[in-house]
2 protein chains.
Amino acid sequence: MNQINPQAQPEPPHSEPLLKTSRSKVRRVPKRGHYDRQQVYQILDEGLVCHVGFVVDGQPFVIPTAYGRVEDQFYIHGSPASRMLRNLQQGIPVCITVTLIDGLVLARSAFHHSMNYRSVVLFGTATPVLEPDLKLAALKAFTENIIPGRWNDIRLPSRQEMAATLVLALPIAEASAKVRTGPPKDDEADYALPIWAGEIPLRHSPAPAIPDPVLSDDIAIPAYVAGYNPVGDAM
Amino acid sequence: MNQINPQAQPEPPHSEPLLKTSRSKVRRVPKRGHYDRQQVYQILDEGLVCHVGFVVDGQPFVIPTAYGRVEDQFYIHGSPASRMLRNLQQGIPVCITVTLIDGLVLARSAFHHSMNYRSVVLFGTATPVLEPDLKLAALKAFTENIIPGRWNDIRLPSRQEMAATLVLALPIAEASAKVRTGPPKDDEADYALPIWAGEIPLRHSPAPAIPDPVLSDDIAIPAYVAGYNPVGDAM
């Protein structure tokens, strides 16, 4: 789109609506479907691992991997020798899913047992990120998605490491979120049963950090490690 | 197989080796690959959600869903109207992945940042479970995989609910686990850098259970809810 006033702030990428297509539309329990970028970005930023689905000779593969997001771009990375990345960079269709489990939902009947969750499903095709500044920004996003604040403390990628890392980008355009929250929904007649029902909230909790056994004693633990809060990722 | 002595214990299913095929073999960092059933079963029993990969008209889909395991059978279920289940029951190739995130691995260099994890990737084709006793055992496995001990307390599936639930089975035969544990591995020269390095262990921790807002006050919380321990799932 043309910028009428080049001094103006660019449109924030979350203002462009997500594409609700036949493949991205939530079919089962459609009221749980969400198509706004903020909801999708929040789930992506809180997650640590995505599941990448792709097809080789008719066979589906689902591979877990770390990821990063910068604005409306979703990045995955790895060795240029990776089967997954070698296939994806040819521009084949890909489906990437991020799932956060928020709780167990215990209903009065077996049938209505469920989980509370937030998930994002993203469709598209991946392209290699070759431009050095963009590639470095993607590598920063991977590290900062693991633990915010880390990038400024570490040895940044060398030229060889940059060359040994293949980064692929997927535009976040055709995506949807699916969310379940709240208590169980039981059949009307079952509410009278003397059965405990409710939710057990779950979260990814950090245990105290374990220093590398060979770490020198005089290196203090950084605040972003001591105070690490996985949900804080989303901020 | 014929039982020569019908009184003898059947072979435990974990005695049959997993198939290490070109698709199930761990390619990247092969030393992290495991092919023994006990390792695979432990990861499956600790997980809550799997990611099911399948292909429709060349397009991959990756859908998160609950699951259950009984011996060497992996079960998923849902509405007979589910796009995923309707496709899978036609016997198309499927790839199912379960991933547990055990920790963040903070290295001295950006390049060596990683996560500790345990994952299982399972290949095969799914078939509907129609025999009522087997189907009920699978439904029990779903509930007990969410929270052990629950099945004995709840209203069991009615005939209508059984009919409204499609259960698919995948034999656990062609599968592999991939596991990373321990501290970061840095480049030799980087160990001298004054950078904190180590691991932040992560686990799925339960918060106190939230009773259904309409639950009668005189229904006590069961011990398996009050004492719920997600890692205990694996026992």
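## Contacts between the chains

Six salt bridges are counted between chain A and chain B in this predicted model. One salt bridge joins the side chains of Asp187(B) and Arg155(A), with 3.6 Å from N to O. Polar contacts between chain A and chain B amount to 34 residue pairs, both residues of each pair being at pLDDT 80 or more.

Several elements of chain A each supply at least two residues of the side that touches chain B. They are strand 2 (49-56), strand 3 (59-66), strand 6 (93-106), strand 7 (114-125), helix 3 (132-146), strand 11 (198-206) and strand 12 (210-211). Strand 11 of chain A gives the most to this side, with nine residues.

## Extent of the interface

The contact takes 89 residues from chain A and 89 residues from chain B. The size of an interface is often given as the accessible area lost when the parts come together. Here chain A and chain B bury about 7,300 Å² between them, and 68% of this area is on carbon and sulfur atoms. Val62(A), Arg155(A) and Trp196(A) supply 10% of the area that chain A buries against chain B, more than any other three residues. Arg155(A) is also the residue that meets Asp187(B) in a salt bridge.

## How the two copies are related

Two copies of a chain are related by a rotation about an axis and a shift along it. In this model, a rotation of 180° with 0.0 Å of shift along its axis superposes chain A on chain B, with an RMSD of 0.0 Å. That is the relation of a two-fold axis. The same surface serves both copies, since 100% of the contact residues of chain A recur in chain B.

Among the residues of chain A, His204(A) comes closest to the rotation axis, with its C-alpha at 2.3 Å.

## Strand pairing across the interface

Strands of a sheet pair through backbone hydrogen bonds, either parallel or antiparallel. Strand 11 of chain A pairs with strand 11 (residues 198-206) of chain B in the antiparallel sense, over five bridges. In this pairing, Leu202(A) has Pro206(B) as its bridge partner.

Strand 11 of chain A is also joined to strand 12 (residues 210-211) of chain B by two bridges, and these strands run antiparallel. Gly198(A) has Pro211(B) as its bridge partner in strand 12 of chain B. Within chain A, strand 11 pairs with strand 6 over four bridges, again in the antiparallel sense. There Leu106(A) stands opposite Gly198(A).

## The four-stranded sheets

Chain A has an open sheet of four strands in the order 4-5-9-8, with antiparallel pairing. Its edge strands are strand 4 (68-70) and strand 8 (127-128) of chain A, each of which pairs on one side only. Three bridges join strand 4 of chain A to strand 5 (residues 73-78) of chain A, and Gly68(A) has Tyr75(A) as its bridge partner in strand 5.

In chain B, four strands likewise form an open antiparallel sheet in the order 4-5-9-8. Strand 4 (68-70) and strand 8 (127-128) of chain B are the edge strands. Strand 4 of chain B runs antiparallel to strand 5 (residues 73-78) of chain B, with three bridges between them. Val70(B) has Gln73(B) as its bridge partner in strand 5 of chain B.

## Buried residues

Val167(B) lies in strand 9 (residues 166-171) of chain B. At 0% relative accessibility, Val167(B) counts as buried. Leaving aside residues up to four places away in sequence, the residues that Val167(B) touches include Tyr75(B), Ile76(B), His77(B), Thr127(B), Pro128(B), Lys135(B) and Phe142(B). Lys135(B) is 32 residues from Val167(B) along the chain, while their C-alpha atoms are separated by 6.8 Å.

Thr143(A) is found in helix 3 of chain A. Its relative accessibility is 3%, so Thr143(A) counts as buried. Beyond residues up to four places away in sequence, Thr143(A) touches Arg150(A), Trp151(A) and Ile154(A) of chain A, and Ala110(B) and His113(B) of chain B.

Helix 1 (residues 37-46) of chain A is mostly covered, with eight of its 10 residues buried. The buried residues are Arg37(A), Gln39(A), Val40(A), Tyr41(A), Ile43(A), Leu44(A), Asp45(A) and Glu46(A).

Definitions and conventions: Residues numbered from 1 in each chain as written. Chains lettered and ligands numbered in written order. Predicted model: local features only at pLDDT ≥ 70, side-chain atom pairs only at ≥ 80, totals over all residues. Heavy atoms only, no water. Least-squares fit on C-alpha atoms with pLDDT ≥ 70 in both. Contact = heavy atoms within 4.5 Å. Pairing = 2+ DSSP bridges. Buried < 20%, exposed > 50% of the residue type's maximum accessible area, 1.4 Å probe, protein only. Buried area = accessible area lost by both parts, 1.4 Å probe. Salt bridge = Lys/Arg side-chain N within 4 Å of Asp/Glu carboxyl O. Polar contact = N/O pair within 3.5 Å; in protein donor to acceptor, adjacent residues only side chain to side chain.
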